[in-house]
Every structure is written in structure tokens, then in C-alpha cells.
Amino acid sequence: MYPLSAGLYAPRNCWYVAARSAEVGRVPLERFILDEPVVFYRTEAGEAVALAGRCPHRGYPLGRGRIEGDAVVCGYHGLRFEADGHCSHIPSQETIPPGCRLKTYPLVEHWEWLWMWPGDPALADEALIPDNRTPTLTDPAWVKRSPLYWKVEGRYQLLNDNLLDLTHLTVLHADTIGGGDVAGTRERHEEGEDWMRSIRWIPNAVVTDWVRKSRGIVGPVDREIMLTFAAPGFHYGHDRYFPAGADHGNDRPSLDIHIFHAVTPATRTSCHYFASSAVDPVTFELSRKHPPDTGSAVKIFTEDVEAIGEIERLLGAAGDFEEVPLRADVHALRGRHMVQAMIRAELSSQGAIPDRSRPQHGDAH
Amino acid sequence: MYPLSAGLYAPRNCWYVAARSAEVGRVPLERFILDEPVVFYRTEAGEAVALAGRCPHRGYPLGRGRIEGDAVVCGYHGLRFEADGHCSHIPSQETIPPGCRLKTYPLVEHWEWLWMWPGDPALADEALIPDNRTPTLTDPAWVKRSPLYWKVEGRYQLLNDNLLDLTHLTVLHADTIGGGDVAGTRERHEEGEDWMRSIRWIPNAVVTDWVRKSRGIVGPVDREIMLTFAAPGFHYGHDRYFPAGADHGNDRPSLDIHIFHAVTPATRTSCHYFASSAVDPVTFELSRKHPPDTGSAVKIFTEDVEAIGEIERLLGAAGDFEEVPLRADVHALRGRHMVQAMIRAELSSQGAIPDRSRPQHGDAH
Amino acid sequence: MYPLSAGLYAPRNCWYVAARSAEVGRVPLERFILDEPVVFYRTEAGEAVALAGRCPHRGYPLGRGRIEGDAVVCGYHGLRFEADGHCSHIPSQETIPPGCRLKTYPLVEHWEWLWMWPGDPALADEALIPDNRTPTLTDPAWVKRSPLYWKVEGRYQLLNDNLLDLTHLTVLHADTIGGGDVAGTRERHEEGEDWMRSIRWIPNAVVTDWVRKSRGIVGPVDREIMLTFAAPGFHYGHDRYFPAGADHGNDRPSLDIHIFHAVTPATRTSCHYFASSAVDPVTFELSRKHPPDTGSAVKIFTEDVEAIGEIERLLGAAGDFEEVPLRADVHALRGRHMVQAMIRAELSSQGAIPDRSRPQHGDAH
């Protein structure tokens with residue numbers, strides 16, 4: 001489906017951020033992931049669990065049930081399912097029918113995010129979690145902002161498109177992070193088998209009032225923006241501000257913000273958006289004098305969320321359209337191509353183990 | 001359609017509760033019954049009438065018209081239709097075109113309910129109205145609660161399923177009528193051609209706070225729950241509380257509540273739910289000391305209404321699913337089978353008179 | 001589609017009112033016209049412009065962009081489109097790809113309305129704008145009420161049907177403009193190739209309180225109602241009140257209200273409704289003593305808007321139905337026929353110039 005080719009939706013054999021750590025606890029949380037209702041909760045030991053979100057008996061949402069020990073209990077007829085998906089109790093009978101179990105989803109907690117694998121569990125290798133490539137996120141020395149979350153009323157690839165073409169900073173985010181001629185500056189493109197990277201060096205950028213106020217940067221700066229896409233839904237990179245004229249190969253930036261975005265299909269026309277950022281300890285100490293204005297950061301993301309929702313609205317009301325590709329889209333089109341290749345590989349393997357033996361080039365920045 | 005077989009919706013040649021008496025008067029009421037808009041009102045003599053709810057001239061809803069004498073007048077161009085459906089006046093012409101009439105639906109008022117027959121009027125035999133089988137409802141000596149009504153945002157058979165499997169009392173209604181191990185107690189199943197009955201005897205049941213407060217029952221009790229399904233949409237029975245250890249074949253219950261539920265398809269994915277209860281005069285006198293808490297009774301039904309809505313929500317968002325049948329479902333599956341048999345008989349007869357000569361076993365309890 | 005034949009929607013090679021003058025300025029306005037998003041704005045010289053409302057780059061709605069000089073700038077990546085639809089600036093590159101342009105729609109401002117031609121621009125002849133046939137609208141001597149606007153949640157032909165059968169005045173507008181037996185009075189029908197007219201002479205009409213209060217008419221009157229349909233969406237005419245018994249061929253009416261309605265398809269199941277009225281200077285002076293009650297006029301239109309919405313609601317929920325045609329529908333059925341003929345001529349010509357050389361009979365009243 002647009003903006004991918006007809007019939008293609010999303011790859012399943014990969015890790016997606018499904019929830020923030022703080023959202024999942026001893027009360028069940030329902031969330032649609034790739035068109036399937038999933039229920040999330042924590043065991044008594046605190047381990048997060050993801051199970052199919054619909055009771056196989058009568059279809060009641062388990063997100064409306066309750067947690068008992070390490071199990072979720074259906075709120076309708078009381079079937080109890082343990083964290084491994086097996087049914088351990090049915091109030092109305094002694095024996096458990098063989099098919100009475102819930103699909104389980106591999107779920108791994110890294111930092112404050114819960115990564116879920118919607119596809120074949122046998123293929124769920126933790127080493128493939130894309131944040132392994134960006135140690136900053138899990139390095140406790142770096143100071144992270146608690147992750148933000150949006151339910152976006154638009155298909156996930158529109159949000160990937162957004163993150164793969166940063167020329168929109170100059171327009172959509174003109175008042176905040178659009179400082180310097182991002183749109184007019186050509187990017188350097190790097191690419192591996194399942195990742196790609198865009199790097200822009202913007203000399204002598206005039207920063208916005210927003211950057212001045214929220215980040216304490218005053219004069220013109222040299223700015224380096226990098227964003228790496230670990231297909232199909234993770235984006236990490238940095239937004240670095242150097243004193244104008246600095247030797248950015250050797251000098252230390254005045255401000256080095258690492259950024260992390262995770263995009264997860266919810267339904268065919270909606271997605272989940274998780275985002276956070278991190279600064280190194282030195283920068284953090286400096287920024288204490290200029291405490292970050294969280295409200296303003298929310299403003300940036302809200303602009304993107306609304307833009308995706310508006311595009312989806314027109315797709316729904318007026319149908320698909322013929323895109324005019326620009327030079328700035330080369331990177332985003334490669335990203336779509338990468339996502340499509342993943343989907344096609346899954347479709348052609350029909351359950352066979354896809355070739356994930358390829359080297360992981362998208363290592364830390 | 002789920003939970004019935006593909007393509008099967010609802011039988012038409014049968015009586016359904018369409019409205020409460022108090023809802024229908026000298027202002028037209030529109031209600032969808034089996035996917036058709038129907039308009040209800042009363043003649044000057046007070047007789048309730050059910051006519052097709054859409055003016056055949058330009059499709060305006062007659063529920064937005066007004067009542068004039070015994071007729072409903074369309075609010076758009078003023079066509080007047082009498083209670084027998086014929087058009088008696090057109091403001092813009094003298095003659096009435098032959099096809100200008102409304103379909104009428106047989107409608108019978110029993111107690112505070114209006115029973116409607118959506119199918120072939122020639123087959124509408126009042127003797128088939130299922131409340132004939134439970135004289136309590138129309139016996140003035142029994143003290144009835146005025147009927148409650150809910151529009152349920154879920155397909156009607158989900159609500160039938162609910163009423164055919166009372167093991168949900170232990171879980172969904174744990175705080176109110178779930179006292180005693182209803183789920184763990186096997187039911188006795190009885191069945192006739194168009195009815196079925198479930199009876200449970202629960203000795204030494206600990207009652208809930210809600211029963212204590214709202215019904216004045218204190219100690220452990222022996223409880224008998226019976227519910228009879230007169231397909232396709234009427235359920236009647238009793239909830240009897242005996243002193244623990246009583247001879248329930250001979251002793252008089254401390255409390256004998258008769259219950260009545262009517263389920264009527266509105267659209268493919270919504271239904272109407274009517275419910276009431278009755279107590280005998282002696283019990284009523286006793287219960288005066290413990291006036292019933294209507295708010296709490298509403299809470300019970302609201303739990304069911306929300307549960308059906310939640311199941312429908314997942315059916316809409318995630319599609320049908322593979323059910324795991326339990327032992328407790330034997331009764332409910334027979335109920336689905338009975339409803340399906342009625343639909344199939346209608347489809348195969350293609351308008352021929354179905355065989356309703358079968359004996360009516362579902363007599364009064 | 002109902003009430004037209006299956007598969008027929010709306011003619012494209014004709015003028016439709018798309019907006020009121022006051023709605024269009026230096027902030028972009030999005031409006032769906034015949035299922036297409038269109039963006040409206042004014043150039044620095046004040047000329048109103050209509051362009052395709054979706055950026056061809058990434059599908060962002062241009063109605064969320066901003067106006068810069070004579071151009072609209074997309075709010076996502078900053079593509080700038082001039083009033084002739086060509087792209088004059090892309091922030092991220094120097095060259096403009098050949099296909100990067102917006103469809104333009106011919107747009108003409110007459111009085112306080114903007115007329116748009118959704119079809120082949122080569123055929124957009126200003127002489128075809130149907131208000132040319134009713135000079136009152138653009139004659140500054142006549143005193144016009146500023147036009148009203150409603151988004152109607154029903155398909156446009158239902159609103160045309162409404163305006164083509166004024167017998168509904170007697171019922172739907174009984175309290176306002178329904179005075180005199182409009183429904184019971186036969187109309188005179190006149191017709192040309194692309195227009196038709198209905199004229200009713202109602203002697204000795206008792207006027208409503210509403211007319212008494214809002215228009216200062218007291219005693220019984222002779223009333224003449226004329227409405228001309230310039231297919232597919234413009235209706236103009238008059239509502240004339242004479243002293244009872246007047247020689248309406250020679251006498252001057254006490255009150256002569258000219259009325260103008262424009263109906264424009266928005267989507268398959270919704271439309272735009274524009275309406276205004278005018279009185280001659282003499283009448284205006286008289287009516288100063290009885291200042292018009294705008295609130296009451298809004299009430300009339302709201303009744304129509306709600307009626308159309310209600311019919312559409314039933315079409316959506318209960319499907320199409322078999323219409324019973326009345327004598328009063330002869331006029332409206334001719335109107336549908338005329339609209340269908342326009343659509344079929346366009347379909348058969350497949351882009352060839354349709355025969356618009358027919359004489360324009362629907363001249364001024």
C-alpha cells in the first residue's frame with residue numbers, strides 16, 4: 001500500500017518498539033501492533049510480557065482483564081493465561097483444551113523501551129535489536145529524556161518518509177529545529193544491507209530563537225545532523241552544534257544531542273511513534289544552566305504527528321496520487337526500497353528462515 | 001456471520017421485543033430492527049403501531065414526522081400514512097398512487113413490551129410470543145421492575161452467547177450477582193425444538209455484599225439459577241435463594257427473582273437489549289425492608305453491554321478469530337445451532353410457511 | 001448513484017459555486033469539490049485562485065500551507081506553487097522537475113461568489129456561468145443579503161431534488177415560508193435544454209407569523225413563486241407577494257424577493273450549499289421598517305440541511321429504496337434527467353468538446 005508498492009504492508013520478522021517501560025505494569029495494556037491486538041503486562045518479578053490480546057474462547061480483549069501472579073485473567077469467563085501463553089485455569093472445567101493458549105511475542109526491555117518481535121519467534125535474535133548499534137541509548141552515563149509517545153493517525157511509512165527526508169526541518173519545523181539551511185544543504189548518503197545514513201554539515205547556521213532559549217546556543221554555529229535508519233522502524237542520530245569555523249573532525253561540539261525515533265505499525269492507517277534524546281554528561285552539566293523546555297520539544301513532534309495525520313486524511317478522502325520525486329527523496333526512496341525488500345524476502349521465504357546472516361554495518365555513531 | 005456461520009444473520013419469522021411500552025406514544029420513534037428502519041407510535045385509541053420507517057416518496061425518515069389522528073405524516077412533503085400502512089393524503093395531489101404505502105409489522109403489546117414480527121405477517125401468530133411461556137411476566141400479582149433498555153454496540157448473537165453461558169457471572173459480575181461458584185457448578189441442560197434451558201443448583205453459596213445490601217440476604221444460601229432460551233431472542237428464568245440445606249424441591253425460597261431478557265438485532269453489528277425482573281407478592285413485601293438498589297442493577301447490565309461492545313470492537317479491528325470451545329459452551333453452541341436452524345429453515349422455504357406446528361415445550365417455570 | 005442512475009455522479013464541465021468571496025483571502029482554504037481537494041486563496045492583487053489541494057511531492061494538504069506573494073507554499077517541504085500552478089521554488093534543489101505542478105481550476109468571482117470549473121479548462125467559458133441569466137444577483141442596485149453557507153452531509157442531488165419540488169414548503173417549512181397552499185397548487189413547468197422553471201400562482205394565501213414579522217406582510221396576499229434550475233447546481237427565482245386580488249401581470253408586488261441557491265458536490269455523500277437573496281431598492285426601503293430577521297432565515301435553510309442529512313443517513317444505514325413518484329415530482333425528475341444527460345454527454349465525448357452551442361433559454365426573470 002502507498003507509499004510502498006501495492007499489497008505490501010510491513011515486515012514481521014524484526015524488532016519494533018511496542019511500548020515504553022513505564023506504560024507496562026500490573027494492569028494490562030492493549031495495543032495494536034501490525035493489525036493484531038496485543039496485551040502487555042509485567043510478571044511479579046517485573047518482567048514485561050506480550051501476549052495475543054484476544055481471549056481465544058470468546059474474543060474478549062485481555063486488555064480489559066486483570067493480572068494475577070504472573071498471569072493475565074480474562075475479564076469475561078476467567079480463563080487464566082500464564083506469561084508463556086499456556087492456559088493454567090478455566091473456572092468452569094478441570095481440563096485445559098489443547099488449543100487453549102495465547103500466542104506469545106518475544107519482548108525485550110532495553111533502556112525504557114520494550115522491543116517486540118511480531119513474526120516467527122524462532123528468528124527473534126536479541127542481537128538484532130537495532131539500538132544495539134547506538135550504545136548511547138543504553139549507556140547510563142548519557143542523560144536521556146524520558147521517551148515520548150504518540151499514536152499517529154497515519155500509516156507508518158509516512159513517518160519513516162518524514163524521518164528519512166530532513167529537508168522538512170526548514171519548513172515544518174522552521175520555528176524550532178529548522179535553523180540553518182537544512183533543506184538547501186546536500187546530504188551524504190551511506191548505506192548497508194539493512195541500514196542507511198544521512199549526514200549533513202551546515203556551516204554558519206543561524207539558530208532559531210527556540211534553540212537559543214532551549215539549548216543555550218547563541219551565535220552562528222556549524223551544525224552536523226546525522227540520522228541512521230535501521231529498517232524498518234528505528235532511526236538514531238545526532239544534532240551537533242560546533243562554534244562556527246570549528247574543525248569538526250577534531251573539535252568537541254558545544255552541544256551534542258543524540259536522538260532516537262521508533263516507528264511501529266499499529267494498523268494499516270495508523271502507527272506508534274516513540275522518541276527520545278540524550279546528551280553526554282558534560283553537555284548535561286552545561287545545559288543545567290539552560291534547562292530544556294520540554295513543552296517546546298513536544299511542539300516539534302506534534303508538528304510531525306499532525307502532518308502525517310493530514311496526509312493520511314487526504315489518502316482516505318481522495319485516494320492515492322502520483323508522486324513527484326525530488327532529489328531530496330533519493331534517501332527516502334532507498335528507505336522504502338529497504339522496507340519492501342524485507343517484506344518481499346519474508347513473503348518469498350513463506351516461513352523459511354530469512355537470511356539474517358548479513359553483517360550489521362549500522363554500528364554506533 | 002460470526003458467531004453464526006458465514007452468511008447467516010437472523011431469523012425474521014419470529015417475535016422480537018422492539019420497544020418498551022413507555023417509549024412509544026404520540027411522537028414517532030425510529031428504531032432499526034434487523035437492518036430496517038421502523039417507526040413506532042400509538043393511535044388515538046392507544047394502540048401501538050409499527051410501520052416501515054422510510055417514506056417511499058423521497059426516503060425521509062418518518063421518525064422525524066408527526067402523528068396526526070391515527071396516522072404518521074412525513075415531515076418532508078406531508079404524505080400521510082394510516083396505521084394499516086395505506087397512504088390517506090398527499091398534499092400535492094388528489095389521487096394516491098397504487099404503490100404508495102408502508103409495510104406494516106405485526107406488533108403486540110404484552111405487559112410493558114412491544115413485540116414485533118419482522119417477517120411474513122401471515123405467519124405472525126400471537127400464540128408464538130415467547131413470554132406466553134412464562135406467565136409471571138404478565139401476571140399482575142407479580143411485582144415487576146420497569147424494563148430497562150440498552151442499545152448495544154455489538155451483534156445480537158454475542159449477547160445471546162452471554163446469556164447462554166452463565167459461567168461469566170463469576171468473573172464479569174463478581175461484585176454483584178456472581179456469588180457462589182457459578183462457573184464451577186455444572187448445569188443441567190434441557191432442550192426442545194425451539195427452546196433450551198440451563199439449571200444450576202449451587203449449595204452453600206456465599207453471597208456478595210451487593211446481594212446482602214440490595215436483596216437482604218445474609219448467610220450462606222443454596223442458590224438455584226435457571227434460564228430458558230426461547231430462540232432467537234428471549235431469555236427467562238429465575239434466581240432463587242434458599243436457606244442453606246433447604247429441601248429445594250419442597251421448601252419455599254427466601255427470595256425468588258424472575259428474570260427476563262430480550263435481545264433484538266438492530267443492525268449487523270448492534271442490537272437492542274431489554275431486561276426486567278419480577279418478584280412474587282410475598283417476596284416483594286419482604287423486600288420492602290430492603291428496597292432494591294436500581295443503580296446497582298444497572299451496573300450489572302452495563303458490564304454485559306460493555307463486554308459485548310468490546311468483543312465487537314475487536315471483531316471490527318482485527319477480524320474473526322478461531323474459537324476454542326469449552327465444556328460450558330455446549331449450551332451456548334446449541335443455542336447458536338437453534339438460531340441457525342431457524343434462519344436456514346426460512347431460507348430454504350423461500351417464503352413458504354415454515355413448520356411452526358411443533359409443540360411448544362418451553363412452558364412456564 | 002441514487003437518486004441518479006447507477007454509476008452517475010456529477011458533470012464536471014460546468015461552473016459550480018465553490019466558495020463565498022469572504023472565505024477566500026491570504027490564508028489558504030481547503031475544500032473538496034467533486035471528490036477532489038482544492039485549495040483557494042488570493043494573490044496580492046486580490047485575484048482568487050483555485051489549485052489542486054494536494055502537494056504532488058508527498059501529498060501534504062496545501063490548505064495547511066501559507067501564502068507568499070502570489071504563491072502557495074507547502075507546509076511540509078516548502079515547495080512553492082504560483083497561481084498558474086507551476087512550481088517556482090523547491091528549497092532542496094535548484095531545478096524544478098517537469099511534472100512538478102498543480103492542476104489549476106478556472107475560477108471566476110461574480111458578486112460574492114467564486115465559481116469554479118472542475119472539468120476541462122479549455123471549455124470554461126465565463127458566458128456559461130449561470131448567474132448571467134439572473135442579472136439581479138450582480139446588479140448593485142438590488143440589495144443582497146450576504147450569502148450563507150452550509151456543508152450538507154448528503155449527496156448534492158438530494159438538495160437539487162429539494163429545490164426542484166417546492167411542495168415541501170407546506171410541510172418542512174410550515175412555520176416560515178410555507179404560507180398559502182404551495183403543495184396544493186399546481187406549478188407551470190417551462191424547460192430549455194439546460195434549464196427548467198417552475199412557477200406557482202397562489203391566490204389569497206394566508207401568510208405565516210414568520211412572514212408577518214420578518215417581512216411586514218399582514219393580510220392575505222396573492223403569492224407567486226418561481227424557481228429556475230440552471231443545471232447542474234444553480235437555482236434562482238423569486239417569491240412575490242401581491243395585495244390579494246391584484247393584477248399580477250401589471251401591478252407591482254408589495255414584496256419581491258429574489259432568491260439564489262447554489263449546490264456543489266463535495267464528495268459522493270456530501271455537498272456545499274450557498275444561498276442568498278435580494279430585494280429591489282424600493283422594497284428595501286420599505287423593509288427597513290421591518291428589518292429582516294436573519295436568525296429566522298437561517299432556520300429555514302437549517303431545516304433543509306437537516307432533512308438532506310437525514311435522507312443520507314438512511315441511505316447509508318438501510319441502502320437504496322424504491323421510490324414512489326408523485327405528480328409533483330415531474331419537475332424534479334426532469335431535473336435529474338437533465339443532470340444525467342450532462343454526465344452522459346461528458347462520458348460519451350471522453351474529453352471531446354461537448355455541444356455547448358445550444359441556445360441559452362434560461363434568461364433573466
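## Briefing

Chain A brings 22 residues to its contact with chain C, and chain C brings 23; two residues count as in contact if their C-beta atoms, placed from the backbone, lie within 7 Å. This is a predicted model, in which local features need pLDDT of at least 70, side-chain atom pairs count only at pLDDT 80 or more, and totals for chains, interfaces and linings use all residues. Residues are numbered from 1 along each chain as its sequence is written, while chains are lettered from A and ligands numbered from 1 in the order in which they are written.

**Chain A against chain C**

- On the side of chain A that touches chain C, helix 2 (169-172) and helix 5 (294-318) of chain A each supply at least two residues. Helices here are DSSP runs of H or I with at least four residues, numbered from the N terminus.
- Helix 5 of chain A gives the most to this side, with seven residues.
- By class, the side of chain A that touches chain C holds 13 nonpolar, four polar and five charged residues. Nonpolar covers Ala, Val, Leu, Ile, Met, Phe, Trp, Tyr, Cys and Pro; charged covers Asp, Glu, Lys and Arg; the others, Gly among them, are polar.

**Chain B against chain A**

- This contact takes 22 residues from chain B and 23 residues from chain A.
- Helix 4 (residues 294-318) of chain B gives the most to the side of chain B that touches chain A, with seven residues.
- That side of chain B divides into 13 nonpolar, four polar and five charged residues.

**Symmetry**

- Two copies of a chain are related by a rotation about an axis and a shift along it.
- Superposition is by least squares on the C-alpha atoms of residues with pLDDT of at least 70 in both copies.
- Chain A superposes on chain C by a rotation of 120° with 0.1 Å of shift along its axis, at RMSD 0.0 Å. In chain A, the C-alpha nearest that axis belongs to Gly316(A), 10 Å from it.

**Domains of chain A**

- Chain A is divided into domain 1 (26-105) and domain 2 (132-349). The bounds come from an automatic or database domain assignment.
- The C-alpha centres of domain 1 and domain 2 of chain A lie 36 Å apart.
- Four residues of domain 1 of chain A are in contact with five residues of domain 2 of chain A. The domain 1 side has three nonpolar, no polar and one charged residues.

**Helix packing in chain A**

- Helix 1 (residues 156-164) and helix 6 (residues 329-349) of chain A have axes that come within 8 Å and cross at roughly 140°. That makes helix 1 of chain A oblique to helix 6 of chain A. Angles under 35 degrees count as roughly parallel, over 145 as roughly antiparallel, 65 to 115 as roughly perpendicular, and the rest as oblique.
- The axes are lines fitted to C-alpha atoms, for helices over the stretch in contact, and angles run from 0 to 180 degrees between N-to-C directions.
- Helix 1 of chain A passes helix 6 of chain A in a right-handed crossing. A crossing is left-handed if the near helix is turned anticlockwise from the far one by less than a right angle, and right-handed if clockwise.
- From helix 1 of chain A, Gln157(A), Asn160(A), Asp161(A) and Leu164(A) meet His331(A), Ala332(A), Gly335(A), Arg336(A) and Val339(A) in helix 6 of chain A. By class, this contact has three nonpolar, four polar and two charged residues.

**Helix packing in chains B and C**

- In chain B, the axes of helix 1 (residues 156-164) and helix 5 (residues 329-349) come within 8 Å and cross at roughly 140°. Helix 1 of chain B passes helix 5 of chain B in a right-handed crossing.
- In chain C, helix 1 (residues 156-164) and helix 6 (residues 329-349) pack at an angle of about 140°, with their axes 8 Å apart. Their crossing is right-handed.
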